[in-house]
Amino acid sequence: MKNTMLTSESGTGDPVDPHVPTSARRFARRSSLVHPRQGKIPAIKPALAGFAAWALLGAAASASAGLVHRWSFNGTANDSVGTAHGTLFGNTPPAITGGKLVLNPGSDQNQYMKTSAFTGETLGTRTLVAWVTLSDLNQPGGAGVLGIHPAGVDNFDSIVYGERVAKQWMNGSSYWARTVANNGGAAETSTGEVMMAIVYDSDNSIKLYHNGVRYDTGANKGTLETRTAPIAILGRRQEGSPPSLQGAINEARIYDYALTDVEIQNLNTLGPDILPGETGINITASAGTGGAISPAGVRVVPPSSTPTYTIIPAIGYDVADVVLDGTTSLGPVTTYTFAAVTAAHTIDATFVAVSPHAITASAGTNGSISPTGAVSVAHRGSQAFTITPDSGFIVADVVLDAGTGSETHLGSVTTYTFANVQTDHTISATFVAGSLVHHWSFNDGTANDSVGTAHGTLYGTATISDGKLSLSGSSENNRMAATLGNALGPNKTLVAWCSLSSLEPNNTAGGPLSVGNEEFDAIVYGERTGGQWMNGSGGFNRTPENNGGALENLIAPNEIMMAITYDSFATNKIKLYRNGVLYAEHNQGSLTSHAAGEMVLIGPRNWSGWDDGYMNGYINEARIYNYALTDSEVAALYTHTQPGGYAAWAASFPTLTDSEPTLDFDGGGLESGIEWVVGGDPTLGSDDAGLAPTAAEDGSGLVFTFARADLANEDDDPQTTIFVEYGSTLTGWTPAEDGMDGVTILVNDDFYGSDPAIDQVVVTLPESLAVDGKLFARLAVGGFPSTVLDEDFESGEGGFTASTAGGTAWDHGAPNSPSQGGGAVTAGNGGSANCWGTGLTGGYIAGTDTKLRSPVIDLTGAAGATLSFAQSLDIEAGHTLVVNVIEEATDTVLESAIHTSTPDPDINASLWATVGGVAITGGQKVRIEWHFVGNGGGSYNGAYIDDVVITTP
């Protein structure tokens, strides 16, 4: 037949060169005379019979008929049939190991493989085939296995898992243009390898196959899309669309025609290693009691291939021996790879029982670990532990195998699972009070973080003025961006005070605070439901479509405080608050942690470079706490910072350069906070005498009279409490209540004027309340922070005292500690001269047990207080700096470990850090104690504190 010109029966003269098999096969399909895959030859002219027979033989001999792309992952991501070679993507790219593409994305949803374009190809009818193993049946909805689409175009076809129906395979497509809501397929039940295939035929039918069997009910939707020079994506449904698959892809193929039911069944029978028409070699694998070998049974492999076998001991067993061909002992190996196979082989594994192991679990104060004590675990078994801090605390560290020389510090984790246990272990947890870890107030004209190191950078048209970050809302490029300096665990609180410039439904799907990379958490406005606040998250993994919240109705200058708490200890509860009030709550999805180096954003909800949303408005303040605030704590944040109130009143006097409410700025005799209450001018000292409260005796008792501005009235502003207290001594006081013990209170509305409105309040205290002829009265005002201690130690010891049970004592002065691997301490916080430290020249000694106490703090009239201080630590792992509250009256511990620091040994002591938001219970006089205990030392500088501040609400 050399140089013979063949023509089709229709006489079109379509030429075929019999020396080019691909052209011959394509001619056969075009002419409809010969289809090498159907096994049937219609009647043809005798002149063509020889060619028809040749075409069939060619198809039988060539295993790749119609196969245009094949990725087998035998060491590379190359295409062994075409030229569409793969490239691996991700912060940690997927691995190619054991002849598979292994994807373990975790929080990195960027793991996938992308091929080069199918240059010169046009795919109409086609079949996608993949052998895949899921590592978890509960995959994020929409995880893709094999998809194709034009490069850079959102128009794909893909094998997708669990998107429209959980655990159901489906044919993925852009905007579900060719995807039915429920294709009738059964839920996946196995994490073993399955073969999935999708056939796209010229009649617009789309058929799904699971292990060679038709999977869907035949519902068709949309029109067949012809693909010109597309790319293939493995591990997700399309290039720009996470989530990524959790599992492994053994092999993936693309055929340029619609395979038949019989052909797909044949592919499943042969498996991923053998192509139709190839002659294989048998390898028989078996395993005894106590384990398994994979793959098991008879496996047909291609000649010269190098198959790998994995020997898997069951829980409670080890491998005893692996025997090759019945005679060769390989010993207790767990994998074996054959050299190039030329003959049949056997491989057999045996196993031996092993005794169980003990894991001892313990927890420090302010938290627990479950289970606790000595836990028996089978050899090669697993055991999960849950670490739970008490309310208001977080996990400081979880340590594995402490003191063994191979101890591991896991950090602030709340769960840990020992897997494949083969020896005894220990696990211990310590806890520390939760705190504010990042704070952007914009008050100094910068985007600096005043608590942490996540200092912001402004982009686009973002500006800072009047203590606010302003965003024009025209582009995602208008933003503040920062980087987390420390990891943030799953439990956290995001808070932002913001104002919207408009109520457009999505404004446009950005928000006032976001943290994280692809798998992010954010306060977002109007993304899934227009006009509604929501907790934004990567791929909506933690975001319901409608959380039940109301539509927003306030725009600038009205300010809104939005807060979101994330609590893994309350079944992954997420709560949204608006102006201190619970707005919505749900527990969709699992909470996620954010590693050091991930993003903090204000403006966009995320940063992937496209469609990230933007915000139109301003942000007054943003905060991140490393624990889930309680309902009352969120409400208190709003109460003490809401617009109006004392802060707004003080801001109305431009010359009031120091607005601290406990200061008498004008020197007139009344504190600025009292001036607010009585309607005074805090910059005009001459008006104070006429505004001060008065007291007079009327023969039957004491009459106490004062002015009260409506602006500061507790009925109008819940952050303020104004009342009269009385007593017979100057140390104990009782609130005056109308009708109690003969007390009368009369309010004369607008007595001192109506603009501004200032009332007269007359409180009559009967003579019967006097003791030994003495009766005193005073005006009490509360509700705004009052500083009761502010000590920087620059002018002296600040009334602090030290006591030492052993070792190195606390000392006051200028630090001059050398660098001992953790960094030098040569100045106080912020570069100041003095501080307190456990040995100012470094190197605390063994057996150190020393306490530092503050002067007496009078909290008898306060419901509570808040402590903040700066600390610099270079202490050995396991050594602790604990803050206690000491009751002054009894000199005993009233509250233990309100803050605990137990760092790793390599913490850089030259970096001072602020500890803020530590709560103290009020109602008595107390001292604050810093108790440092260290058994070792010498190579560690110790603990240092500076800039101690205590405020009351």
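Visitor: Which residues form one aromatic cluster with Phe793?

Guide: Phe800, Phe869 and Trp930 form that cluster together with Phe793. Bear in mind that this is a predicted model.

Visitor: What makes Phe869 and Trp930 an aromatic pair?

Guide: Their ring centres lie 5.5 Å apart. Rings pair if their centres lie within 6.5 Å. So Phe869 and Trp930 qualify.

Visitor: Why is the pair of Phe869 and Trp930 called edge-to-face?

Guide: The angle between the planes is 90°. Edge-to-face takes over 60 degrees, so the label holds.

Visitor: Which parts does this pair tie together?

Guide: Phe869 lies in strand β60 (residues 864–874) and Trp930 in strand β64 (residues 925–934). The pair therefore links parts that are 61 residues apart in sequence.

Visitor: How do you know whether Phe869 and Trp930 are buried or exposed?

Guide: Phe869 has a relative accessible area of 1%. Trp930 is at 0%. Buried means under 20%, so Phe869 counts as buried, and so does Trp930.

Visitor: How many aromatic pairs are there in the whole structure?

Guide: A search finds 15. One of them joins Tyr416 and Phe418, with 4.9 Å centre to centre and 90° between the planes. The pair of Tyr416 and Phe418 is edge-to-face.

Visitor: Why is Tyr416 called partly exposed?

Guide: Tyr416 has a relative accessible area of 25%. Buried needs under 20% and exposed over 50%. Tyr416 falls in between, so it is partly exposed.

Visitor: What puts the buried residues of helix α3 on the same side?

Guide: The residues in question are Glu263, Ile264 and Leu267, in α3 (residues 261–270). They cover an arc of only 100° around the axis, so they share a side of α3. On the other side, Val262 and Thr269 are exposed.

Visitor: What covers the buried residues of α3?

Guide: The cover includes β7 (126–134), β11 (194–200), β12 (206–210) and β16 (247–255). After α3 comes Gly271, with a positive phi near 85°.

Visitor: Which residues have the most contacts inside the largest nonpolar core?

Guide: They are Trp440, Phe442, Leu469, Leu513, Trp533, Ile602 and Ile619, in a core of 37 residues. Apart from that core lies another, of 35 residues, including Phe118, Leu128, Leu137 and Ile249. In soluble globular proteins, nonpolar side chains tend to be buried together.

Visitor: What does Phe442 touch, leaving out residues up to four places away in sequence?

Guide: Its contacts include Ala447, Ile464, Leu469, Met480, Ile602 and Ile619. Lys468, Asn620 and Glu621 are also among them.

Visitor: What is the mean pLDDT of the protein chain?

Guide: The mean is 84, and 88% of the residues reach 70 or more. Over residues 1–64 the pLDDT is below 50, and that stretch has 66 contacts in the model beyond near neighbours in sequence. Residues 904–910 are also below 50, with 24 such contacts. Where pLDDT is low, the predicted coordinates should not be read in detail.

Visitor: How many helices and strands does the protein chain have?

Guide: There are 7 helices and 65 strands. Of the 953 residues, 47% count as buried.

Definitions and conventions:
Residues numbered from 1 in each chain as written. Predicted model: local features only at pLDDT ≥ 70, side-chain atom pairs only at ≥ 80, totals over all residues. Heavy atoms only, no water. Buried < 20%, exposed > 50% of the residue type's maximum accessible area, 1.4 Å probe, protein only. Helix = DSSP H or I, 4+ residues; strand = E, 2+ residues; numbered from the N terminus. Arc of directions from axis to C-beta. Contact = heavy atoms within 4.5 Å. Core = buried A, V, L, I, M, F, W, Y, C linked by side-chain atoms within 4.5 Å. pLDDT = per-residue confidence, 0-100. Phe/Tyr/Trp six-rings, centres within 6.5 Å; stacked < 30°, edge-to-face > 60°.
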